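This briefing goes through a single protein model by topic. Please have the sequence and the 3D view open while reading.

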Amino acid sequence: MSFIITKKSKRSMARTGKLETAHGFVQTPIFMPIATRAAVKNLTSEELKEIGIEMILSNTYHLFLQPGEKIIKKIGSLHYFMNWSQPILTDSGGFQVFSLAKMRNITNDGVEFSSEIDGRKIFLTPEKAIQIQLDLGSDILMSLDECVGWPCTKKEAEQAVERTTLWAKRGKKFFDRKTNSEFKIKKPLLFGIIQGSIFKDLRLKSAQEILNIGFDGYAVGGLAVGEPVNKMWQILDYLAPLLPENRPRYLMGVGKPEQIVQAVKIGIDMFDCVIPTREARHAKIYKFKIQNSKFKKSIQNSKFYEELNLRNTQYQKDFRPIDENCRCETCRNYSRAYLRHLFITQEPLALRLASIHNLKFYFDLIKIIRQAIKENNL
């Protein structure tokens with residue numbers, strides 16, 4: 001694999017980089033919108049490209065259930081299926097297994113669960129999770145892990161760490177065998193996932209075991225699942241420096257704009273989250289408080305942005321653009337009053353315009369973060 005660090009900040013552990021995948025290079029830090037079922041909700045692939053999105057995340061579990069990885073493989077890959085020519089990361093299905101607590105049974109062999117579509121019994125093993133992702137044609141595959149929420153006992157977290165390591169070893173062995181024989185060029189990448197809940201000794205144990213297996217990148221999982229936010233920062237403070245400098249570091253499921261800024265300062269490179277599109281569907285718009293030209297220094301302040309709830313009456317006669325400082329066509333051509341009208345009357349266009357804007361906000365945030373690192377302002 002090729003991951004090149006292009007700049008290290010002199011103020012923090014932040015860095016910019018360039019990651020090579022089978023479908024091209026992406027710059028880091030990077031934010032990946034969620035395309036759960038091969039679609040970022042309400043947007044086309046063309047619109048994502050216009051915004052500037054470089055890589056998306058799709059969901060192994062949901063695509064396996066419907067339409068099925070074999071159908072997607074028949075057309076060539078998930079890229080062809082959804083008309084997306086740029087890199088795709090697929091998660092392993094581990095988080096969905098975690099969320100199906102009442103419908104699944106976990107053993108060291110794998111996970112048995114009932115399909116939420118037709119109730120059929122399915123058994124997911126670490127090898128099967130890899131095979132599904134290979135059939136999807138993913139650029140970055142994730143090793144199957146066991147995610148535990150908070151609160152949990154230390155015994156539960158310890159068991160999850162042991163299983164995650166066991167599954168990581170099996171998945172990596174299977175991945176190496178399959179890719180060495182089937183991929184002569186443009187081999188996909190495989191990331192390992194570190195678990196351990198809020199327990200420092202378990203996090204360190206998991207990190208060491210996953211590092212010993214050897215992956216193309218390393219993800220921190222099991223955070224933003226109910227634990228106090230300060231615990232997440234404590235974990236990242238001692239965990240991030242242990243991860244190899246020459247491999248991308250991925251914080252799964254995070255997060256809010258200020259959390260991304262803080263995590264970048266700790267040395268994290270990759271992020272994904274449903275927040276920008278989910279909040280857009282609830283009429284919540286993100287907006288920078290300061291113009292971009294002055295923003296690079298202001299991101300040290302967690303209040304560098306504001307959230308507008310466009311359902312509020314105060315926007316009924318607000319004919320200003322959605323965001324005066326944003327240059328995308330959505331913000332230039334549509335007013336807050338208009339968008340509020342669409343939400344109040346339940347016009348589907350509201351979801352589309354708000355989603356475009358929020359993703360543009362996140363993309364601009366990442367661009368500004370990269371520039372701030374280059375200029376040692378972060």
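The model is predicted, so local features need pLDDT of at least 70 and side-chain atom pairs count only at pLDDT 80 or more, while totals for chains, interfaces and linings use all residues. Residues are numbered from 1 along each chain as its sequence is written, and side-chain values use heavy atoms, with hydrogens and water left out. Helices (H or I, at least four residues) and strands (E, at least two) are DSSP runs, numbered from the N terminus. Buried means under 20% relative accessible area, exposed over 50%, and partly exposed in between (1.4 Å probe, protein chains only). Those areas come from the Shrake-Rupley method, in which only the protein chains shown count as cover for residues.

**Salt bridges**

- The structure holds 22 salt bridges, each being a side-chain nitrogen of Lys or Arg within 4 Å of a carboxyl oxygen of Asp or Glu.
- One of them joins the side chains of D269 and R15, at 2.8 Å from N to O. This pair links distant parts of the chain, 254 residues apart: D269 is in the loop between helix 10 (257-266) and strand 15 (270-272), and R15 is in strand 2.
- D269 is buried at 0% relative accessibility, and R15 is buried too, at 4%.
- K70 and D135 form another salt bridge, with their closest N and O atoms 2.9 Å apart. Because K70 lies in helix 3 and D135 in helix 6 (residues 126-136), the pair ties together parts that are 65 residues apart in sequence.
- Here K70 is exposed, with a relative accessible area of 53%, whereas D135 is buried, with 3%.
- E324 and R320 also meet through their side chains in a salt bridge, at 3.7 Å from N to O. Salt bridges that share partners join K287, E306, D318, R320, E324 and R336 into one network.
- E324 is partly exposed, with a relative accessible area of 38%, and R320 counts as partly exposed at 41%.

**Helix 8**

- Helix 8 (residues 200-213) has 14 residues and reaches 20 Å from its first C-alpha to its last, close to the 20 Å expected at 1.5 Å a residue. The expected span is 1.5 Å times one less than the number of residues.
- The buried residues in helix 8 are L202, R203, S206, A207, I210, L211 and I213. They cover an arc of only 160° around the axis, so they lie on the same side of helix 8; the arc is that of the directions from the helix axis to the C-beta atoms.
- An α-helix has 3.6 residues a turn, so residues three or four places apart point the same way.

**Strands 1 and 2**

- Strand 1 (residues 3-8) and strand 2 (residues 15-21) run antiparallel and are joined by five bridges; two strands pair if DSSP finds at least two bridges between them.
- A hairpin of six residues connects strand 1 to strand 2.
- K7 has T16 in strand 2 as its bridge partner.

**Nonpolar surface patch**

- I71, I75, Y80 and F81 make a nonpolar surface patch of about 440 Å². Patches are made of residues with over 30% relative accessible area and no salt bridge, with like charges joined within 9 Å and nonpolar side chains (Val, Leu, Ile, Met, Phe, Trp, Tyr) within 5 Å.
- Helix 3 (69-75) and helix 4 (78-82) each supply at least two of the patch residues.
- Y80 sits in helix 4 and is exposed, with a relative accessible area of 61%.

**Backbone geometry**

- Most residues other than glycine have a negative phi, and most peptide bonds are trans.
- The peptide bond from W150 to P151 is cis, with omega near 5°; P151 is in the loop between strand 11 (140-142) and helix 7 (154-182).
- A cis peptide bond also runs from V254 to G255, with omega near 10°; G255 lies in the loop between strand 14 (249-251) and helix 10.
- N42, a residue other than glycine, has a positive phi near 75°. N42 is in the loop between strand 5 (34-35) and helix 1 (45-51) and is partly exposed at 32% relative accessibility.
- Q346 is not a glycine, yet has a positive phi of about 60°. Q346 is in the loop between helix 14 (336-344) and helix 15 (349-374) and is exposed, with a relative accessible area of 68%.

Key. Areas by Shrake-Rupley, 256 points an atom, 1.4 Å probe, with all protein chains shown as cover.
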